[in-house]
Amino acid sequence: MGMRVRLLQSAALTACLATAACGSSGGGGVSSTPTPIAAPAPTPTPTPVATPTPTPTVAAVPSSNDTSEYRSTVGAVSMNALTAYDHGATGAGIKVGVVDTGLDMASDQFTGRVDPASRNVAGGASYDDQDGHGTAVAFTIAGVRNGSGTQGVAFGATIIAARADTPGSCAAGGASASGDSCTFDDANIAAGVDLAVSNGARIVNISLGGDAPSSALLAALNRATARGVIIVVSAGNNGKDAVKGASPDAFGAGLADSPYARNLVLIAGSVSANPTRLPSGDTISDFSNRAGTGPAADHYIAAVGENVRAPCNDTAVCLWSGTSFSAPQIAGAAALLAQAFPNLTGAQIVQILLTTTRDAGAPGTDSVYGRGVLDLTRAFQPAGGITTTTGASVSMAANGTLSAAMGDAKVGTLGAIILDGYDRAFAMDLARTLARTTPQHDLTAALTGRQQNVAFDRGGTSVAMTIAPIRNAGQSAAALTAFGLSRADAEQSRAIAGSVIQRLGDKSSFAIGFAESGQGLTARLSGQSAPAFLVAREPGAGLGFDSRARGSVAVRRQLGGWGVTGAVESGDVLVRGDREVQAALAYRYDRSGYQRAAVTIDRRFGALGLWLGGSRLAERDTMLGARLGAGLGSPRATSWFVDATARLDAGSGWSIGGSLRRGWTIADVRSGLTGAGSLRSAAFSADVAKSGVFTKGDGLSLRIAQPLRVTGGGLSLLLPTGWSYTDGRVSDYTAQFLNLTPTGHELDVEAAYGIAVGRGALQTNLFYRRDPGNFASIPADYGMALRYGFSF
């Protein structure tokens, strides 16, 4: 049977510090200790606990765990254990077995956290540590945090000390003086593993090395991993030997590569201390065995094993080096994960540790650092598919886009529980993942667009189209010539929108449109007209947010002096990114459809025309143009609008008009959430125009307008804010409100002047926008546009 030795680099014990202990006496003083979590049983289904109600923070604040004691603990700093501490993890309630030289029974560094099952498994009378190696390893895992000196990685964990050194082999004077005096045989190591496992250890640390493991030890390994227990073993201290140090020693490799390992064995290599957590500081220790090129490299993680401050010689403190002290760093990290996420199996903890290391060598698994250097930064972040508690997908970065009508609404915080691919519960502020529709600058498209409106009548049929130059020579012109365009015009043009009106006698008419709204058809059927502006739009010029109509139908009937028009349309709501494809004929994007139905009555009183309409807008996946993800209930909305328009032809070329819109929106929350939403919205415009100002054929107009803006309301949601690992379900809900009323209040003022020049027309526009896009923080937008257009 091969003999084992402690993997201590005795030459590295360069400093014995003149202090009574690693921390102040009377241990147990802990600041900001989170509520303890009960230890789970060592079975594939550990006893879970509830996650506290999340309190998402708006701004980063200094961590109360970032103490001088923490900063002095080189291993904890290198792995960024601060991330775990700030998640409330301390290792409390998690048992870690330490198969080693025992534990100093007089030490105050583990008060109340030494399991009564601890004992000497090698036949000795006591588990009291004669050597110091076992106590130093245990302190590295779970030494007390008391504001002095250094602390263990999982300073709240409980130690099961299994003293396994051969009786009498450690009598030469202890680790600080004797080098590798203690020896171990496999039968005793196996007994130590069994002791830890049978008494509820989730992790077992073996900072030993030597020959390949015996069948007795492999049998103990089989019993441990069958119960989901993680085994952490040192890689070896033969790094200066080019042959022996090129891969883990036979002991560690034999355990990790065994068919009994069940991917629950981790091999610990050593790197230098890295206080700033910069990858460039992660240098493999010269004494450490490397990962090698064999199967063991897939289970190899490097952690700090140099100058680790821990007790020695009863009352002194030493700086220890060796892979004996990189292994307990990993064991402590595993204990933090086990406590923070009680649902995790041992295999899942190992998988998380292996896949969240920071790469220090060649990309990927390499022959020096194996899987990389231990780092808890990503280990305590959601991994895999992120979902809501109802199973719907959610993003860590983007869960919705507010519409322009909502502008700079102060959405507040929306704390909620999300689950990652390991079913770990995390608190997340969903409000931080909402994007906003920034103000659009429409002048470029308006001035560079080579579009032209054409219209003609043929009998009782009227045709109107918006055409643009074709992009591909040779395109068929048959469709356009059928509408009455000349062959020459048709061969140069493509239709991008249009409508056809058919008069059905003196009192009825019918219209159909493609890429044109029902509001546009209603205006044409009822004879409604208004001056054209680039920026200051009428409320009836669109839905009030980015959208594109696909098709529409309208019918009008004259009833005495009154006209009644009904219209329906369908189209797509366009969210961020979709705007770039609006002009394409074959546009492709994730469409969010809408259906709109409206009834408008109109009447003329001499020179005064009045229009009053009501409409219903049903959005399939959006709410007044805002699209919110499953984490916020994937709301869809139904809105009702009332529109009123008046226009007076005052004579001598004067025209005065105005429009007003009021809206009420009700949102339907889905994706398994409970909630409801309601919004109030408004828009208006008022204009005055004069034709023949300076010469026949010119025109001057002025308009003031407010685009659609939410004037009140938001979304009320009952969000999950607590999670029970015991039941695997939400333990608490909190009512929260997503405010969608902006602070900004956009107001547009625009003047336009047009005159015929030659074979075309010259158009000049001067505009001013206050709070563009309903953003109070954005400076006013103003400018001037000059455009000359002619037929092509």
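Predicted model: local features only at pLDDT ≥ 70, side-chain atom pairs only at ≥ 80, totals over all residues.
1. In H4, the buried residues are His 133, Gly 134, Thr 135, Ala 136, Val 137, Ala 138, Phe 139, Thr 140, Ile 141 and Ala 142. Because 10 of the 10 residues of the helix (residues 133–142) are buried, H4 is largely enclosed by the rest of the structure.

2. Strand S4 also deserves attention. Spanning residues 95–100, S4 is mostly covered, with five of its six residues buried. S4 has a parallel pairing with strand S6 (residues 158–163) over six bridges, and in this pairing Val 99 stands opposite Ala 162. S4 also pairs in the parallel sense with strand S8 (residues 203–206), here over three bridges.

3. The next matter is the nonpolar interior. In soluble globular proteins, nonpolar side chains tend to be buried together. In this model, the largest nonpolar core comprises 153 residues, and those with the most contacts inside it are Leu 336, Leu 353, Leu 376 and Phe 380. Helix H9 (residues 327–340) supplies the largest share of this core, namely 10 residues. A second, separate core has six residues, among them Ile 501, Ala 511, Leu 521 and Ala 554.

4. Leu 336 may be examined individually. Residues up to four places away in sequence aside, Leu 336 touches Ala 81, Ala 84, Tyr 85, Ala 89, Thr 90, Gly 91, Val 153, Ala 154, Leu 376 and Phe 380. Two of these partners, Leu 376 and Phe 380, are also listed with Leu 336 among the residues with the most contacts inside the largest core.

5. Thr 401 belongs to strand S15 (residues 400–402). Its relative accessibility is 13%, and since buried means under 20%, Thr 401 counts as buried. Thr 401 and Arg 436 are 35 residues apart along the chain, yet their C-alpha atoms are separated by 5.3 Å.

6. Leu 559, Trp 562, Ile 601, Leu 612, Trp 640, Val 642, Trp 664 and Ile 666 make a nonpolar surface patch of about 770 Å². Strand S28 (636–651) and strand S29 (654–668) are the elements that give two or more residues to the patch. Val 642, one of the patch residues, is found in S28. With a relative accessible area of 38%, Val 642 is partly exposed, because that class lies between the limits of 20% for buried and 50% for exposed.

Terms used
Residues numbered from 1 in each chain as written. Heavy atoms only, no water. Core = buried A, V, L, I, M, F, W, Y, C linked by side-chain atoms within 4.5 Å. Buried < 20%, exposed > 50% of the residue type's maximum accessible area, 1.4 Å probe, protein only. Helix = DSSP H or I, 4+ residues; strand = E, 2+ residues; numbered from the N terminus. Contact = heavy atoms within 4.5 Å. Pairing = 2+ DSSP bridges. Patch = residues over 30% accessible without salt bridge, like charges linked within 9 Å, V, L, I, M, F, W, Y side chains within 5 Å. Areas by Shrake-Rupley, 256 points an atom, 1.4 Å probe, with all protein chains shown as cover. Salt bridge = Lys/Arg side-chain N within 4 Å of Asp/Glu carboxyl O.
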